[in-house]
Amino acid sequence: MHSELEAVYEESLLRNPTQPEFQQAVREVIESVEPLLLSRPDYRDGNILARIIEPERQIMFRVAWEDDQNKVRVNRGYRIQFNSALGQYKGGLRFHKSVTLSVVKFLGFEQIFKNALTGQGIGGGKGGSDFDPHGKSDHEVMRFSQAFMTELSRHIGADVDVPAGDIGVGAREIGYLFGQYKRLANRNEAGVLTGKSLNWGGSLVRTQATGYGLITFAQAMLAQKNDSFDGKSVLVSGSGNVATYAIEKAQSVGAKVISISDSSGAVYDPDGIDVDLLKQVKEVERGRVSDYAARRPNAQFLAGQNVWGIKADIALPCATQNEMDVDDVATLAKNGCQLIAEGANMPLTPEAIHAVYELGIDYAPGKAANAGGVATSALEMQQNAGMTQWPFEVVERRLDQIMLDIHHECLVTADEFGQPGNYMVGANIAGFRKVADAMLDQGVI
């Protein structure tokens, strides 16, 4: 790393101690965009890198609520409003016990560039809480969501900051959050949240968007080599929204997806994942992947294991950050894996990414490959502003085109900077440049 950029990174380390996930994301971007920064003295004169690394606003707050036994519980809430150069802050809320300031900041930092790549005119932000909705009653989730929104409502708005769902935040949670916002704001501001129910302002395809968009991006990668998903075996980690709809879309274009996972372990299903059963277990019953395996005659539940030891052609990590390490990549390569595309945010460790390039596996980072979710959230905002709802086919067509445009922009940008086929370099530089140019236009703020 160039000494000037290293100094910025070291300053970030001093300002943000004990935030490993955030620093991991920052270092990856700095290393990728170094050629751009060294070629643009105006960026360096404007100290753009240091300004992008520092969030515009960091909000942390107490969330007190009562459980079903009338016991008062206390969680911590976060909202990081990271960068608004391209538009209002946009990014999901994550409710999970692993949520920390570091996790929310890394997610918000990634969101800046992901949102820029969509071309939808939205800035980057992220939020959440260490509250875990798993095992909680609907009433407990409602009371927590209402308490969380009581504070968050002070900081959001359709033209200010538009949260959405993420891990642990689905249509149920969005509904409770929106109801409390409407009560407090005394107005029906539909565009303040996305991922809403179709009953009251949601968009068709939003539920499927991240998973569907991931497959569209991976299809474009395969097409570069005159290949396709047809007949391919695919590993998917996770079993939530992204994983479910990536499986559904991949199998609709001829692939066989043979794995799912959650925090308890992995499932290998040689007959191909039954998406309808997966939806029943995870979305209706809120069960575990072991419950899925118990109902499939040939499926194996691998307690405490991940999916990366299973032989397959393509790997789609769709669970959480740093879920694939260098040993996993080596195993995948040994088993003939040709392509890894990230459905989750930063699921590969830095060492794993390095190994991917060393071993010649095609690789797409999450900020490009999983941008379909936030892209469709922006389409939902457009529909809310026009007080309309577009047909499924219209939204899906627009989603597909956005993902193909991102794929093309990554390749063109990588070529421009002498890294042909490097989707990580292409995505980071393309996204960074859009944000940096907007920041220069708007002055030192």
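The largest nonpolar core has 54 residues. Phe217, Leu316 and Ile406 make the most contacts inside this core. Helix α8 (residues 209-223) supplies the largest share, eight residues. A nonpolar core here is a set of buried Ala, Val, Leu, Ile, Met, Phe, Trp, Tyr and Cys residues joined through side-chain atoms within 4.5 Å. Buried means under 20% relative accessible area, exposed over 50%, and partly exposed in between (1.4 Å probe, protein chains only). In soluble globular proteins, nonpolar side chains tend to be buried together.

This is a predicted model: local features need pLDDT of at least 70, side-chain atom pairs count only at pLDDT 80 or more, and totals for chains, interfaces and linings use all residues. Residues are numbered from 1 along each chain as its sequence is written, and side-chain values use heavy atoms, with hydrogens and water left out.

Isoleucine 406 is in contact with Leu117, Thr118, Phe217, Ala368 and Ala371, leaving aside neighbours within four places in sequence. Contact means heavy atoms within 4.5 Å.

**Strands**

Five strands form an open sheet in the order β1-β2-β4-β3-β5, with mixed pairing. The edge strands are β1 (57-66) and β5 (161-164), each pairing on one side only. From one strand to the next, the twist averages 20°. That angle comes from axes, which are lines fitted to C-alpha atoms (for helices over the stretch in contact), and angles run from 0 to 180 degrees between N-to-C directions. Strands (E, at least two residues) and helices (H or I, at least four) are DSSP runs, numbered from the N terminus. Two strands pair if DSSP finds at least two bridges between them. Strands of a sheet pair through backbone hydrogen bonds, either parallel or antiparallel.

β1 and strand β2 (residues 72-83) pair in the antiparallel sense over ten bridges. Tryptophan 65 has arginine 73 in β2 as its bridge partner.

β8 and strand β9 (residues 265-268) are also antiparallel, over four bridges. A hairpin of two residues joins β8 to β9. Serine 261 stands opposite alanine 266 in β9. From strand β8 (residues 259-262), Ser259 and Ser261 point one way, and Ile260 and Asp262 the other way. All four are buried.

**Pocket and cavities**

A cavity is a set of points where a 1.4 Å probe fits but cannot get out. A pocket is an open set with protein on both sides within 12 Å along at least five of seven lines. Lining residues have an atom within 4 Å of a point. Grid points are joined across faces, edges and corners, and a volume is the space filled by probe spheres set on the points.

The second largest pocket holds about 370 Å³ of space. Its lining has 17 residues, of which Glu28, Glu31, Ser32, Ile353 and Met424 lie nearest its centre. Two or more lining residues come from each of α2 (20-39), α13 (350-359) and α17 (423-441). α2 gives the most, with six residues.

There are two cavities of 30 Å³ or more. The largest cavity holds about 70 Å³. Val8, Glu11, Ser12, Arg15, Asn16, Ala50, Ile53 and Glu54 line the largest cavity. α1 (3-15) and α4 (48-53) each supply at least two lining residues. The largest share, four residues, comes from α1.

**Single residues**

| Residue | Relative accessibility | State |
|---|---|---|
| Glutamate 380 | 0% | buried |
| Valine 205 | 2% | buried |
| Alanine 293 | 9% | buried |
| Methionine 387 | 78% | exposed |

Glutamate 380 sits in helix α15 (residues 372-385). Leaving aside neighbours within four places in sequence, glutamate 380 is in contact with Leu193, Thr194, Gly195, Lys196, Gly201, Gly202, Ser203 and Arg206.

Valine 205 is in the loop between α7 (171-185) and α8. Although not a glycine, valine 205 has a positive phi of about 80°. Methionine 387 is in the loop between α15 and α16 (392-416). Methionine 387 has a positive phi of about 50°, and is not a glycine.

Alanine 293 belongs to helix α11 (residues 289-294). Not counting residues up to four places away in sequence, alanine 293 touches Val267, Ala299 and Phe301. Isoleucine 273 is 20 residues from alanine 293 in sequence and 9.8 Å away in space, C-alpha to C-alpha.

How values were computed. 1 Å grid on protein atoms, 1.4 Å probe; cavity = no way out; pocket = protein on both sides within 12 Å on 5 of 7 lines; lining within 4 Å.
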